[in-house]
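Please review the structure shown below. A short briefing on selected features accompanies it.

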Amino acid sequence: MQRALGIVYPTQCVSCAAPVAQEFALCGACWRQTPFITGLVCRDCGTPLPGEESETDVLCDDCMTIARPWHAGRAALLYKDNARRMVLALKHGDRDELARPAARWMLGAGRGLISPAMLVVPVPIHWTRLLRRRYNQAALLAGELARLTGLGSMPDALIRRKRTPIQDGMGRGARFANMAGAIGANPKKSHALAGRAVLLVDDVMTSGATLAAATEACQVAGATRICILVLARVAKEA
Ligand SMILES: [Zn+2]
Ligand SMILES: [Zn+2]
């Protein structure tokens, strides 16, 4: 039956729909246009850095100027070229099946952050956005990561307390001001985060303001050690 379906509906590249051998994979051309992060990376955000991979605790310029409230962070992709197209397709294009390969890439980048008792928590979106978009892409990624790792996940551990304006086009200071106090622990799940290590998941990190607000909400709720893992990091061109 599987074989017969394979003939009728050939397996397609998750990005461009070209035929590929493996399900939920990229074709060779899309793979080459997708900027996967490898080598030495910033401890706090996963931005690639020049230097030897064996170096530890190195920070990018951004993370040297902005103190990050979380313990460590990683990103699978640089937000450009085909990575940008896929992030936007996942966010606005109803392409929820992209979460499967995306979570696999995130796990590849973030394996070193993961500890067995961690709780996987997505960065929340406001319920009015959820109505319009049908799903929270961060929650999809968190769910796939939990499935791949066997870690527990809690999609509603955090909530958006206020509907913040879209941050596109805002400077760094405005983004942090915009997000201050915008995220809180879900009062219906108030003890869920107490004493837990948390893996915070989002699709994109730009300034880090949203992830900082989410981290602080976890800390207020008693989480012990918070790491962040994102699909794509917006980084200045080196
Ligand atoms: Zn392709
Ligand atoms: Zn950094």
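The points below cover the metal site and the sheet.

The model is predicted. In it, a zinc ion (ligand 1) is held by Cys13, Cys16, Cys27 and Cys30, and 5 strands form an open, parallel sheet.

**Zinc site**
- The protein donors of the zinc ion (ligand 1) are the SG atoms of Cys13, Cys16, Cys27 and Cys30, which lie 2.3 Å from the ion.
- Along the chain, these donors follow the spacing C-x2-C-x10-C-x2-C.
- Cys13 belongs to the loop between helix 1 (2-8) and helix 2 (28-32), whereas Cys30 is in helix 2, so the pair ties together parts that are 17 residues apart in sequence.
- For four tetrahedral donors, the ideal angle at a metal is 109.5 degrees.

- Cys13 counts as buried because its relative accessibility is 3%, and buried means under 20%.
- Cys30 has a relative accessibility of 7% and therefore also counts as buried.

- Strand 1 (72-78) and strand 3 (152-153) are the edge strands, each pairing on one side only.
- Strand 2 (residues 119-122) runs parallel to strand 3 and is joined to it by 2 bridges.
- Val120 stands opposite Ser153 in strand 3.
- Helix 9 (residues 209-220) lies across strand 6 (197-205) and strand 7 (225-233), and runs at about 165 degrees to strand 6.

Key: Residues numbered from 1 in each chain as written. Chains lettered and ligands numbered in written order. Predicted model: local features only at pLDDT ≥ 70, side-chain atom pairs only at ≥ 80, totals over all residues. Heavy atoms only, no water. Pairing = 2+ DSSP bridges. Helix = DSSP H or I, 4+ residues; strand = E, 2+ residues; numbered from the N terminus. Contact = heavy atoms within 4.5 Å. Axes fitted to C-alpha atoms, helices over the stretch in contact; angles between N-to-C directions. Donors = N, O, S within 2.8 Å, 3.2 Å for Na, K, Ca; no water. Buried < 20%, exposed > 50% of the residue type's maximum accessible area, 1.4 Å probe, protein only.
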